[in-house]
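Here is a short note to read beside the model. Take the points in order and find each residue as you go.

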Amino acid sequence: MTIISHDAPDYPVMNLQAAQHGLKQHQNCDDNCDARRYFTDLVPNLERADREAKQLRGTWNIW
């Protein structure tokens, strides 16, 4: 049996896969779940950052 805390993490989650996993764990929680609100706000931001970072890979800007 896995125990899930419904509090937002005490540390910033910067990994997209970890954030998506956290959102999946709390997808059936009610609106009072802090973790669900945290991951619901975080995942779209990390997805956007992931898309923008992939466009920059392989380029060099020394100026």
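1. Start with the pocket lining. α1 and α2 each supply at least two residues of the lining of the largest pocket. The largest share, three residues, comes from α1. Helices here are DSSP runs (H or I, at least four residues), numbered from the N terminus.

2. This is a predicted model: local features need pLDDT of at least 70, side-chain atom pairs count only at pLDDT 80 or more, and totals for chains, interfaces and linings use all residues. Residues are numbered from 1 along each chain, and side-chain values use heavy atoms, leaving out hydrogens and water.

3. Next, the core. The largest nonpolar core has ten residues, including V13, L16, F39 and L46. Such a core is a set of buried Ala, Val, Leu, Ile, Met, Phe, Trp, Tyr and Cys residues joined through side-chain atoms within 4.5 Å. α1 (16-25) and α2 (34-56) are the elements that give two or more residues to this core. α2 gives the most, with five.

4. Look at F39. Setting aside neighbours within four places in sequence, F39 is in contact (heavy atoms within 4.5 Å) with P9, V13, A19, G22, L23, H26 and P44. F39 also lines the largest pocket.

5. How many disulfides are there by this rule? The count is zero. A disulfide is a pair of cysteine sulfur atoms within 2.5 Å. C29 is in no disulfide, and the nearest cysteine sulfur, that of C33, is 3.8 Å away.

Methods
Buried < 20%, exposed > 50% of the residue type's maximum accessible area, 1.4 Å probe, protein only. 1 Å grid on protein atoms, 1.4 Å probe; cavity = no way out; pocket = protein on both sides within 12 Å on 5 of 7 lines; lining within 4 Å.
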